[in-house]
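This briefing is intended to be read alongside the sequence and the 3D model. Please keep both in view while reading.

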Amino acid sequence: MIETIRSLAGVNLKQGTEIFIEGAMPDDTMYFVLSGDVGIFKKRAGVDHEMERLSTGAFFGEMALINERPRLATARVLSVEARLARMNREVLLKLAGVSPEFVFMLLKHAITRLLAAEDKLQRDRKSTRLNSSHLVISY
């Protein structure tokens, strides 16, 4: 499996490059971080909130291979430069035939990430409600 990922074409991206944008239609591509850091952001009330920071060895964008829904978040390069490998649905299906464990690991990771993001959003909502419930009186 690691050999397959290493054999994928890599691309170097500069800091600030948006790999995909929340709400955009997916292009059936997921990404592997070969080097550097990538941030996953959700927009709330017009402001980007970093949901996760990914480093070498991580992957993201897997939901685009599973469904045809718009991207759930924005992915942006955080380090000075990042090297990413791209995998499309065709390559994933070939890999699934050779390594079903990879597909299981991918789905498990996707579910874990979604649950963690939901937990973080719930905590943020509670924090926002608590902060907005305090009344400040000045004289």
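This is a predicted model: local features need pLDDT of at least 70, side-chain atom pairs count only at pLDDT 80 or more; totals for chains, interfaces and linings use all residues.

Residues are numbered from 1 along each chain as its sequence is written, and side-chain values use heavy atoms, with hydrogens and water left out.

**Sheet**

- An open sheet is formed by four strands in the order E1-E8-E3-E6, with antiparallel pairing.
- At the edges stand strand E1 (10-14) and strand E6 (59-60); each has a single partner strand, so one side of each lacks a neighbour in the sheet.
- Strands are DSSP runs of E with at least two residues, numbered from the N terminus, and two strands pair if DSSP finds at least two bridges between them.
- Strand E3 (residues 29-35) pairs with E6 over two bridges in the antiparallel sense.
- Opposite Phe59 in E6 stands Phe32.

**Residues with positive phi**

- Most residues other than glycine have a negative phi.
- Asp28, which is not a glycine, has a positive phi of about 50°, and is found in the loop between strand E2 (18-20) and E3.
- Asp28 is partly exposed, its relative accessible area being 24%.
- Ala45 also has a positive phi, near 55°, and lies in the loop between strand E4 (38-44) and strand E5 (47-54).
- Ala45 counts as exposed, at 81% relative accessibility.
- Exposed means over 50% relative accessible area and buried under 20%, with partly exposed in between (1.4 Å probe, protein chains only).
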